[in-house]
Amino acid sequence: SHLLTSFKYPKAGYNYMNKRGISPIISTVLLICMVVLIAVVILAWSGTFTRGLLKHADETSEKMTACESQTNLDIRSACTRDDTITVMVESLGSKKVTGLIIRVLGTSGGYQKDVETEMNVADLKRFDIEKQDVGTISKIEILPKVDIQGKIEICGIADTYTALNAC
C-alpha cells in the first residue's frame, strides 16, 4: 500500500507534447543491436545443437559398424545337465568382445546371464550357467558386448541355438 501512496501523478494540465523522446538514429541503432544479439544467440545455440546431433550420429554409426560387421559370434554347441547349461561360443569377428549376455528362453519364460569375459578373434570358450525353471528350453541367444571409445555397448543378438540336448 505504501507503493500506491508514494506514486506522484502529474499535475493537471501536464503537457506531454513538450517531452522529447530518443532520436530516430539512436532507436535504429538500438533496434539493429537487438537483432544482431538475437541472431548471435540463435547461431550459438544451433551450432551446439548441430554438434550434438553429429556426435550422436557418429557414435551410433561406430556402434553399428562394430556390432554388425566386426563382431561375429557363433554358438558351436549347447547342452543341459541337471542344473547347468553348457554353451560353447566361438568368436569369428575382427573386434574383441568384452563380455556376453546369454539368454535362455523356454516355454514358460526366460532369463539372462551377464558374463564378463574377453574373447579375441578365433577364441572358443565354454560357459556354464545355472539352469533355472523356464519350462522346456526352446532356444539360447547370445549378445556380445564391445568397447567403443571407452564405453561398453551391448550389440544385438549375434547367434541363436535351438538344438539343445542333454550333455
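User: Hi! Which hand does the link of Cys-79 and Cys-167 have, and how many degrees are there about the S-S bond?

Analyst: Hi there! The link of Cys-79 and Cys-167 is right-handed, with 90 degrees about the S-S bond. Keep in mind that this is a predicted model.

User: Thanks. How far apart are the sulfur atoms of Cys-79 and Cys-167?

Analyst: They sit 1.9 Å apart, and the two residues form a disulfide. The count for the structure comes to 1 disulfide.

User: And which parts does the pair tie together?

Analyst: Cys-79 belongs to strand β1, while Cys-167 is in the segment after β9 (165-166), so the link joins parts that are 88 residues apart in sequence.

User: Is Cys-79 buried or exposed?

Analyst: Cys-79 counts as buried, because its relative accessibility is 19% and the cut-off for buried is under 20%.

User: Let's zoom out. How many helices and strands does the protein chain have?

Analyst: There are 2 helices and 9 strands. Along the sequence the order is α-α-β-β-β-β-β-β-β-β-β.

User: What share of the contacts comes from residues 24 or more positions apart?

Analyst: Among contacts with a separation of 6 or more, such pairs make up 61%.

User: Nice. How much of the chain counts as buried?

Analyst: Of its 167 residues, 28% count as buried. As for the surface, the chain exposes about 11,900 Å², and carbon and sulfur atoms supply 59% of that.

User: Which residues have the most contacts inside the largest nonpolar core?

Analyst: Those are Ile-85 and Ile-140, in a core of 21 residues. The elements giving two or more residues to this core are β1 (73-80), β2 (84-91), β3 (97-106), β4 (109-119), β5 (124-130) and β6 (137-148). Strand β3 gives the most, with 4 residues.

User: What is Ile-140 in contact with, leaving aside its neighbours within four places in sequence?

Analyst: Its contacts include Ile-75, Ala-78, Ile-85, Val-87 and Ile-102. Arg-103, Asp-159, Thr-160, Tyr-161 and Leu-164 are also among them.

User: Last topic: which residues form a nonpolar patch on the surface?

Analyst: Ile-22, Ile-26 and Leu-30 do, and together they have about 290 Å² of accessible area. Ile-26 is found in helix α2 (residues 24-70), and Ile-26 is partly exposed, with a relative accessible area of 46%.

Definitions and conventions: Residues are numbered from 1 along each chain as its sequence is written. This is a predicted model: local features need pLDDT of at least 70, side-chain atom pairs count only at pLDDT 80 or more; totals for chains, interfaces and linings use all residues. Side-chain values use heavy atoms; hydrogens and water are left out. Patches are made of residues with over 30% relative accessible area and no salt bridge: like charges are joined within 9 Å, nonpolar side chains (Val, Leu, Ile, Met, Phe, Trp, Tyr) within 5 Å. Accessible areas come from the Shrake-Rupley method with a 1.4 Å probe; for residues, only the protein chains shown count as cover. A salt bridge is a side-chain nitrogen of Lys or Arg within 4 Å of a carboxyl oxygen of Asp or Glu. Buried means under 20% relative accessible area, exposed over 50%, partly exposed in between (1.4 Å probe, protein chains only). Contact means heavy atoms within 4.5 Å. A nonpolar core is a set of buried Ala, Val, Leu, Ile, Met, Phe, Trp, Tyr and Cys residues joined through side-chain atoms within 4.5 Å. A disulfide is a pair of cysteine sulfur atoms within 2.5 Å.
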